[in-house]
Amino acid sequence: MPVSLYIPRRPKGKDKSSKQASSRMENPSGSSPPVTSLFSQMSFRKNEVRLEAPEDADPPGLHLPQAVIDTSSCVCDETILQSSPTSLAPEPVATEDVVDMQPKVRNISKGPSVMEGAHDFIVKNSTVYTIGGDQIINNSGDRMPLEVLARVRVPGTGLNSVSRDPPPKCHPDTRKELREELTEWLLNTEGGRRHLMVWLRGPAGAGKSAVAQTFGEDCKKIGRLGGTFFFARHGGKRSEPDAVITTIAYQLAFQHKGYRNEVLRILQESSESVLDATLRIQFRKLIVEPFNALMASQDHDSVQNPFVIIIDGLDECASEKAQAELIQLIGDYASLMKTRHSPLLWLLGSRPEAHIKKAFADAASGSPIDCLQKEITCDGEKDAHDVEIILRDELSKLRPNTSWDSSASRTRPWPSKPDLKRLASLIGGLPVLASTIIRFISDSKSTPEIQLNTCLLFLDRQATSDNPLEKLDILYLYIMEQVSTNFLPVAKLIISFYIILTTQVMQEKISSARDIATFLGLTPGVFYCALLNLHSVIDVPAQKEADKKGLKIFHKSFSDFLQDPKRSGRFALDVNHARLEVARLAIQHYNIMNRANCKLPDGQCSLRRSIASSLEEDTDLTVQVSKFIRANFWDMLCVDDSSKGRIAEELQLFDFCHLPYYPGNLKPREDRGLPRFMKWISRSLSSVGQDDARTNSPIRLEPLTELDTFLLRICSKEPPLQDRLPDDVNEQYKYTYSFISSHRPLDRIVNETSTMALWIGEGERAVLGILDGRKMPPKKKYKVAGAGGLE
């Protein structure tokens, strides 16, 4: 329902307090860039204003529902009307079954409070909650927990998430016995369910995720799926354990109103922040306590039929300690609820790694975790039979592309029964090997019958045992051997960069094939030639879709293979060396991007060509690649210790004098990684002697050149000199950074709160860096949850 905001007309004569309030609205921190106001875009009509948000206020998919503001007696500052409009028409939710939907939540403030300094308005029809230190203005009723949990959940872990599209699934006629056993466990058809927890284990590529996905879909069809979390080693945040419980809680809250209300109550009553607490506290507060309350309430009938929680790929969680803790927490809960009616059932899927087997065997209670263990094998007769079914059905779809589809041979089966049997026996019972071979045979560079014969030949000749995992390595080796020697280094760099992008936490991402090629400095021709023979293991989009679609390794076993030199030999990836190459490329790109920051007259800067020629050199950089470089530049420089010397050499040619950080123009999005870089540098300073630090470190703590001394003298106030960087230099909000450069001679103000000076860069490229210890703006934020709310 539209609401109105009453803003009294300001008297003609502003008093001192109103000027101060206006100043605080323009620049609350006093030194940081102006905070974008909620009212930053208003399209005026007669007696009406429609709120529109700045473009960068929210992640894609988050929208603030329209609100109408009565302005019949409204006076607005010009400073309020800034930023470009973005349409905020409400998007109705089609069904509450969609677990991975983006919530309709508005996070108004990304820095200082948007209400700081505001006055003369009223908030109606809403409730203000304090949760985890944040003040949340809510008028969406019992759906508020969804909006709170949405801020800390991990997208891409849901059953039907686009990040997993297409997800692995079981063929309707495979793994039938195991799937029937899981269904009986869920439905408790025989009564007296003995186990509340199932551990689904098996080797890589055996089909654990396919079974988990298929079982999850079966649970969803009958309304019994509570939540899922599919870990992914190369999936960024999907490999982190911190948000497993909050993500599952979000999915549960989406489906169950009673649970949603209990979570709201717990979040309000908790004296500590639950959302960033330990796994144990989150499990107790978001799983145990809400369901215990539901079981004891009048709403207990709603959980008579237990929900299933699926956690797959547990071995791909980044922390082995967290893996063991999750097993322990779920095992303890299952043991506690065994003698009572449990509202939850748990399915965990993983490889049988030694530490995971130990966690199941050595519980804190002194006895093993009480769970039903189901092992997926890949070397039995049933496994081989399942693989034969998959091969027969999938290869039959390729018949129209073969010469066997001619009129003379249309009645003859392809592949022939002997060839099918022979291929199935060579593959064994490993589904991932079957899937890779099907993609290899369907490769459009050759005919299916030629590719099939190739598979039969190299698998038959090179296999030394019946171990299907050995045969998978043989196939991967053969595929890598098809890459041209000239393009092999490029292919390895592309795959390494993909692994870095999907495993390292970054402020901005690039995902499209075009953006990856652009950053790596590869033409489309070179990029696609390097990946030409890898389409059976890597999903490579067509060139016409390169702007929208990215690369995707079909199965993690391929990246595991490439990162194990014993298995992949000369095709092994050196990801650390690739990080060094990525850092080198980032330095080159960022140098060009920053040349426009030079304030010297044309012709006086020997480092800068004209802006026009610089732009010509960098025209291939897309907007997203530029954002990626600006947001992650400093983090990309933090390579492993063995490569520090190479980075120091590369930084000798970096134009620090053109950096955009100068007093009054600090770029928070660009310098998030700068504290981490300073910590990385400080380790190199402390690990070498003073003389070595002078020559081998990119930074200096005392002036050593005439330019260093000159930069110190032109400061408005001479900053202190220290003999070491602060121990807490890597803390995100502890210091602000600015650089005084001879290429910006007018920007030389040093605040009273400056902590120390340092110099970085070589020759004309050098700058004087200032660490400023002033306090950062308060972290408290005001957030609007749900529609309307401000009046």
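I'm working on a predicted model.

**Entry 1: H6 against H7**

I looked up helix H6 (residues 257-269) and helix H7 (residues 279-296) and found that their axes cross at roughly 120° and come within 9 Å. Angles of 65 to 115 count as roughly perpendicular and those over 145 as roughly antiparallel, so H6 and H7 go down as oblique to each other. I noted the crossing of H6 and H7 as right-handed. On the H6 side, the contact uses Gly258, Tyr259, Glu262, Val263, Arg265 and Ile266. H7 brings Lys285, Leu286, Glu289, Pro290, Phe291, Ala293 and Leu294.

Next I went to Ala249, which is in helix H5 (residues 244-255). What does Ala249 touch, leaving out residues up to four places away in sequence? I got Leu149, Tyr259 and Leu286. Tyr259 and Leu286 are also in my list for the H6 and H7 contact. Ala249 has 0% relative accessibility, so I have it as buried. Its C-alpha atom is 7.5 Å from that of Leu149, although Ala249 and Leu149 are 100 residues apart along the chain.

**Entry 2: H20 against H22**

I then checked H20 and H22, whose axes are 9 Å apart and pack at an angle of about 130°. H20 and H22 are therefore oblique to each other as well. H20 passes H22 in a left-handed crossing, whereas I had a right-handed one for H6 and H7.

Which residues meet here, between H20 and H22? From H20 I wrote down Arg579, Val582, Ala583, Ala586, Ile587, His589, Tyr590, Met593 and Asn594. From H22 the list is Ser626, Ile629, Arg630, Phe633, Met636 and Leu637.

I also looked at Asn591, which has its place in H20 (residues 575-594). Asn591 is at 8% relative accessible area, so I count it as buried. Leaving aside neighbours within four places in sequence, Asn591 is in contact with Leu653, Phe654 and Asp655.

**Entry 3: Val639**

Val639 is in the loop between helix H22 (623-637) and helix H23 (644-651). Buried or exposed, I wondered about Val639? It is buried, with a relative accessible area of 4%. Not counting residues up to four places away, Val639 touches Arg579, Leu580, Ala583, Lys644, Ile647 and Trp680. Two of these, Arg579 and Ala583, are among the H20 residues that meet H22.

**Entry 4: rings**

A search of the whole structure gave me 25 aromatic pairs. One I opened up was Trp185 with Phe215: ring centres 6.3 Å apart, planes at 35°, so I put the pair down as tilted. Trp185 is in helix H3 (residues 176-187) and Phe215 in helix H4 (residues 208-221), so the pair ties together parts that are 30 residues apart in sequence. Trp185 and Phe215 are both buried.

I also found a cluster linked by ring pairs: Tyr590, Phe633, Trp634, Phe654, Phe656, Phe677 and Trp680. Some of its members I had met already: Tyr590 and Phe633 are in the H20 and H22 contact, Phe654 is in contact with Asn591, and Trp680 is touched by Val639.

Then I looked for charges over rings. The charged end of Arg164 sits over the ring of Phe230, 3.6 Å from the ring centre. Arg439 does likewise with Phe554, its charged end being 3.9 Å from the centre of that ring.

Asp165 and Pro166 are joined by a cis peptide bond, with omega about -5°. I placed Pro166 in the loop between helix H2 (144-150) and H3. Arg175 is in the loop between H2 and H3 too. Arg175 is not a glycine, yet I read a positive phi of about 50° for it. With a relative accessible area of 13%, Arg175 is buried.

**Entry 5: whole chain**

For the record, I have 26 helices and 18 strands in the chain. Of its 791 residues, 51% count as buried. Among contacts with a separation of 6 or more, 75% come from residues 24 or more positions apart.

Conventions
Residues are numbered from 1 along each chain as its sequence is written. This is a predicted model: local features need pLDDT of at least 70, side-chain atom pairs count only at pLDDT 80 or more; totals for chains, interfaces and linings use all residues. Side-chain values use heavy atoms; hydrogens and water are left out. Rings of Phe, Tyr and Trp (its six-membered ring) pair if their centres lie within 6.5 Å; planes under 30 degrees apart count as stacked, over 60 as edge-to-face and the rest as tilted. Helices (H or I, at least four residues) and strands (E, at least two) are DSSP runs, numbered from the N terminus. Buried means under 20% relative accessible area, exposed over 50%, partly exposed in between (1.4 Å probe, protein chains only). A charge sits over a ring if NZ of Lys or CZ of Arg is within 6 Å of the ring centre and within 35 degrees of the ring normal. Contact means heavy atoms within 4.5 Å. Axes are lines fitted to C-alpha atoms, for helices over the stretch in contact, and angles run from 0 to 180 degrees between N-to-C directions. Angles under 35 degrees count as roughly parallel, over 145 as roughly antiparallel, 65 to 115 as roughly perpendicular and the rest as oblique. A crossing is left-handed if the near helix is turned anticlockwise from the far one by less than a right angle, and right-handed if clockwise.
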